[in-house]
Amino acid sequence: MNRVFNFSAGPSMLPLEVLEKAQKEFVSYGTTGMSVMEMSHRSKAYEEIIFGAEANLRELMAVPDNYSILFLQGGGSTQFAMVPLNLMNKNNKADYVKTGQWSKKAISEAQKYGKVNVVASSEDTVFNYIPTLDPSKFDKEADYFYMTLNNTIYGTHIPDSLIPNTNGVPIVGDMSSNILAERYDISKFGLVFAGAQKNLGPAGLTIAIVRNDLMGNAMDITPTMLKYDTHAKEKSLYNTPPTYSIYFAGLVFEWVKSLGGVDAMQKINEEKASILYDFLDNSKLFKGTVVKKDRSLMNAPFILPAEELNAKFIKEASAKGFVNLKGHRTVGGMRASIYNAMPIEGVKALVEFMGKFELENK
Ligand SMILES: *Cc1c(COP(=O)(O)O)cnc(C)c1O
């Protein structure tokens, strides 16, 4: 078996142990005599899978009892519409923090349904930092306050310690690229969501964690499938959910638990990130693109002094089994995505390779 170190931003690397467990169970799950893919979502065996996954995620993220965990489809991008459709229901306006492409997309989607107030932006320097949040700019009458917690493309994050006090305005957090990677106090939020394909499992599953009192007041035009309460009332079994992706995410939840949970995962992620960032800070050739204090634990963009060198590095790295290091088209250079499933050995090996490249190209 020849596995590479895959630094893709998403879909991304999955834990080998989990892939192997899924492989073992692929053709016949337990005593059912069938693959999970072939099971009715109404069967007893499948109910155990989905409710077990939900219970484990609730435990891992310490989700309080007054929140529902929903297994949805449509990716993070569908949440950009679902959030305003369901929550812009009192004053028809919301506050947004603009920290990258994903918040820009969320903003333009929300503008279709109501008024968006951008309370802070880091667009002036291509989103390489997290802007200061000044509560005097917050709208007390906003229906919600929206932020992207990890900016996958630009490599910044808003950790739990920077979640502002919004005086009761529910906070919505896009956790697509850092769910289960660092600790957040869910009780600070009204709603968080995440597409699965970065930290949780295969694409096709989107998780939303919604405070119960925020459901049930969607705009009249909201399609049934886009109402959170439709799914909450039926425990994510209103229609056929993405059954296999949920099963697989459930295996990933068990894997995170086996490593000690989210706090242990965060420690490992901090160690991995610091290996890479320490190298970048000491290198005379490579340079990180993000303001130090705001650097993401998950996505590390970096550049070399010339475009030809970037291309050369990506090519040589790829030949050595460090793949998908090309940066996003709006940033250029490189980006190493080091999600939960990237082992520390992968980061150490990458840094060693970068060191060699530096010696050969000074
Ligand atoms: C990937 C990503 C999205 C979009 O996810 P899709 O599932 O492709 O719709 C949204 N927000 C963030 C922060 C992301 O990283």
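Modeller: Two strands count as paired if DSSP finds at least two bridges between them. Keep that cut-off in mind. The model is predicted. The part I pick is strand β5, residues 145–148.

Begin with the side chains of β5. On one side are F145 and M147. On the other are Y146 and T148. All four are buried, so both faces of this strand are covered.

Now the neighbours. Strand β3, residues 93–98, pairs with β5 in the parallel sense. Two bridges link β3 and β5, and the cut-off is at least two. Look at Y146 again. Y96 stands opposite Y146. β5 also has strand β8, residues 171–174, as a partner. Four bridges join β5 and β8, and these strands run parallel too. Here V172 of β8 stands opposite Y146. In general, strands of a sheet pair through backbone hydrogen bonds, either parallel or antiparallel.

Step back to the whole sheet. Seven strands form an open sheet, in the order β2-β10-β9-β8-β5-β3-β4. Find β5 in that order: β8 is on one side and β3 on the other. The pairing across the sheet is mixed. Its edge strands are β2 (67–72) and β4 (115–121), and each pairs on one side only. On average, neighbouring strands here are turned by 20° against each other, direction ignored.

Six bridges join β3 and β4, which run parallel. In this pair, A94 stands opposite V116 of β4.

Helix α2 lies across β2 and β10 (206–211). It runs at about 130° to β2. The loop between α1 (16–25) and α2 (44–60) holds F26. F26 has 39% relative accessibility, so it counts as partly exposed. Together with V27 and M37, F26 forms a nonpolar patch on the surface. The accessible area of the patch is about 310 Å². Compare that with F145 in β5, which is buried.

For contrast, turn to another sheet. Three strands form an open sheet in the order β11-β12-β14, and its pairing is antiparallel. The edges are β11 (287–288) and β14 (334–337), each pairing on one side only. Strand β12, residues 299–303, is joined to β14 by four bridges. Helix α7, residues 262–282, lies across β11, β12 and β14 and runs at about 20° to β12.

Key:
Residues numbered from 1 in each chain as written. Predicted model: local features only at pLDDT ≥ 70, side-chain atom pairs only at ≥ 80, totals over all residues. Heavy atoms only, no water. Buried < 20%, exposed > 50% of the residue type's maximum accessible area, 1.4 Å probe, protein only. Patch = residues over 30% accessible without salt bridge, like charges linked within 9 Å, V, L, I, M, F, W, Y side chains within 5 Å. Areas by Shrake-Rupley, 256 points an atom, 1.4 Å probe, with all protein chains shown as cover. Salt bridge = Lys/Arg side-chain N within 4 Å of Asp/Glu carboxyl O. Axes fitted to C-alpha atoms, helices over the stretch in contact; angles between N-to-C directions. Contact = heavy atoms within 4.5 Å.
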